[in-house]
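The following paragraphs lead the reader through a protein structure and the ligands placed within it. Please keep the sequence and the structure in view while reading.

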Amino acid sequence: MKIFKEKLGRILASIALVVVLLGGVVGYTAWYHLFREVPITYASPEEHFKYGSIGTEPSQGVPYWIWLVLPRIFADKLPHPGGYTALGITWEEGKETPVGFTKKTIGFPRVGITCAVCHTATYRTSPLEKPHIFPAGPSSKFDLQGYIRFLGATAKDPRFNADSILDEIKYNHEFSWIENLLYRFLIIPQTKKALLKQDADFAWMNSRPNWGPGRIDPFNPVKFNTLQLPQDDTIGNSDMMPIWNQKLHQNFALHWDGLETSLKETVQTGAIGDGATKDSLPVADLQRVEDYITELSPPKYPFTVDEKLAAKGSQIFASNCASCHAFGGERTGTVIPVDEVGTDRHRLDMWTQQAAETYNHFGDGYPWDFSQLRKTDGYVSVSLDGLWIRAPYLHNGSVPSLQDLLAKPENRPKTFYRGYDVYDSQKVGFVSEGEEAKRVGFKYDTSVAANSNQGHTYGTDLASDDKQALIEYLKTL
Ligand code: HEC
Ligand code: HEC
């Protein structure tokens, strides 16, 4: 009996060992293929800005191989041929992802977005030229709304299934049998579910005017999705901002309406707004971004400037604009009441006292914390550094060029095309009319809610020679 018992004990122990080992192998395999986090680091601060993670992959990352083949399977759901570039995304030659998109492995490679997707400006001198790329400038062509809608539309389509996606991935990559199983039964179905949820989370967009390229509603997603505040009917559509040269912006109010006063918090809320979570917010990586935009100077105007005319323009600027826009100007970087500046007030009204208070408590208990969010009553008299590549102008991007901004509001274009980045050095802005601009661009109609081009009448009474001189000077900022 005793011998039998010992034998049984040994057998049981061996079985237990095998089970533990097997469990370990299964556990390790699952961890390796689903959760293992591989940090990405770029030595260059610019590459870090363009391609480094801001913590959006755990919650918002789309599996890389699926993301890569979606435009091929669903080309019919994009506005033009050209894959993701049809959504105004810039893809540098030889890179695995476009500017502003990361490829980060958390179990499997995932694609997240970074600051650079919105904060990278481009221009071309002709339609055939490759874009000149300026990190930290405002994108005039990235269509985030189009991107969100594209992903949602693919998930709703019956072609979003394991067979067709795996068939298409084969052209790029060969999965191991285990990856094949994971993609077929877990990753593809879960991605479909997540994209459908994202589509539902953004359904509120559909009852409001379209953003169009180079614009987003920056804080309604935060209000409704992140802070879970009740939906309202506000429209926050606003133009991308440049974020370079922050060393000269110290103590300036931040965001179009000055809802922040701390650069650190603006950077961190930027990452939260893009999909980083409380637990994934990468404080040190974001510090690198902050250091980069603090030191980075804006790009110089790339075409000829008439220096003599610009010198005359600098006098006109000094007497008409400098108090609100020059570094050291007495009101530069402060909030100018909306009734004084007279521009569209929708963006201002979108942000509420309640939203500011709720966001200030968002990070309670975390090593980072927000406390500087607030409600204001106007728009910031922003500094004009790198102005030449910031068109269309004003917080809602309602005025296509500097020439148009200096025209009386009733003479500014009532409709024009946005999202075409060929440069117009005559008017100082992007080409916003004509066949090509129409084919590629989005028709901006100033009669639509939140799109008004009224207000900011400074300089509109100047003689036309003086306007020319002023514009020449503005090119040099
Ligand atoms: C989806 C597009 C998008 C992404 C991604 C994005 N931003 Fe922004 N950012 C904007 C827009 C639009 C504004 C202006 C919003 C407003 O106030 O209406 C802005 C404003 C800012 C400002 C204020 C600039 C000023 O002079 O007042 C800073 C600073 C900034 N962003 C930094 C960042 C950083 C850093 C990241 C990445 C962590 C980031 N943003 C990610 C679109 C984006
Ligand atoms: C009383 C303060 C004030 C004066 C004076 C003033 N501005 Fe402005 N400016 C503002 C405010 C506030 C905004 C933001 C308004 C908005 O976007 O709704 C602005 C926005 C702008 C913008 C848009 C920047 C961008 O990135 O889109 C330009 C360009 C500009 N101003 C040029 C000028 C010029 C040129 C003059 C002089 C002829 C001038 N401003 C005079 C307050 C002022």
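Two strands are said to pair if DSSP finds at least two bridges between them. In this predicted model, strand β1 meets strand β3, residues 101–106, through two bridges, and the two run antiparallel. The pairing belongs to an open sheet of four strands, ordered β1-β3-β4-β2 and paired in antiparallel fashion. The edges of this sheet are formed by β1 (37–38) and β2 (62–63), each of which pairs on one side only.

Along the chain, G27 and K193 are 166 residues apart, and their C-alpha atoms are separated by 24 Å.

The surroundings of ligand 1 come next. There are 25 residues around this ligand, of which C115, C118, H119, H255 and R347 come nearest. By class, the shell around ligand 1 consists of 17 nonpolar, five polar and three charged residues. Several contacts can be traced individually. The side chain of H119 places an N or O atom 2.8 Å from a nitrogen atom of ligand 1. The side chain of S238 has an N or O atom 2.7 Å from an oxygen atom of the ligand. A backbone N or O atom of H255 is likewise found 2.7 Å from an oxygen atom of ligand 1. The elements that contribute two or more residues to this shell are β8 (238–239), α9 (263–273) and α10 (283–295). Helix α9 gives the most, with four residues.

H119 is situated in the loop between β4 (108–113) and β5 (120–123). Its NE2 atom is the only protein donor of the iron atom of ligand 1, at 2.0 Å. H255 lies in the loop between β8 and α9. Although H255 is not a glycine, its phi is positive, at about 75 degrees.

A nitrogen atom of ligand 2 is 2.7 Å from an N or O atom in the side chain of H325. An oxygen atom of the ligand lies 3.0 Å from an N or O atom in the side chain of R390. The backbone also takes part, as an N or O atom of L394 is 2.9 Å from an oxygen atom of ligand 2.

Which protein atoms are the donors of the iron atom of ligand 2? They are NE2 of H325 and NE2 of H456, lying 1.9 to 2.0 Å from the iron. The site has six donor atoms and is octahedral, with angles of 85 to 179 degrees among them. For six octahedral donors, the ideal angles at a metal are 90 or 180 degrees. The two histidines link distant parts of the chain: H325 belongs to helix α12, whereas H456 is in the loop between β14 (442–445) and α18, and 131 residues separate them. Both H325 and H456 are buried.

Is L394 buried or exposed? The relative accessible area of L394 is 15%, which means that the residue is buried, the limit being under 20%. P392 is found in the loop between β10 and α16 as well. The peptide bond leading from A391 to P392 is cis, with omega near -15 degrees.

Definitions and conventions:
Residues are numbered from 1 along each chain as its sequence is written. Chains are lettered from A and ligands numbered from 1 in the order in which they are written. This is a predicted model: local features need pLDDT of at least 70, side-chain atom pairs count only at pLDDT 80 or more; totals for chains, interfaces and linings use all residues. Side-chain values use heavy atoms; hydrogens and water are left out. A polar contact is a pair of N or O atoms within 3.5 Å; within protein, one must be able to donate a hydrogen and the other to accept it, and residues adjacent in sequence count only if both atoms are side-chain atoms. Donors are N, O and S atoms within 2.8 Å of the metal (3.2 Å for Na, K and Ca); water is not among the atoms, so sites may look incomplete. Four donors count as tetrahedral if all angles lie between 85 and 135 degrees; four count as square planar and six as octahedral if opposite donors are over 155 degrees apart and all others between 65 and 115; anything else is irregular. Buried means under 20% relative accessible area, exposed over 50%, partly exposed in between (1.4 Å probe, protein chains only). A residue is near a molecule or strand if one of its heavy atoms lies within 4 Å of it. Ala, Val, Leu, Ile, Met, Phe, Trp, Tyr, Cys and Pro count as nonpolar, Asp, Glu, Lys and Arg as charged, and the others, Gly among them, as polar.
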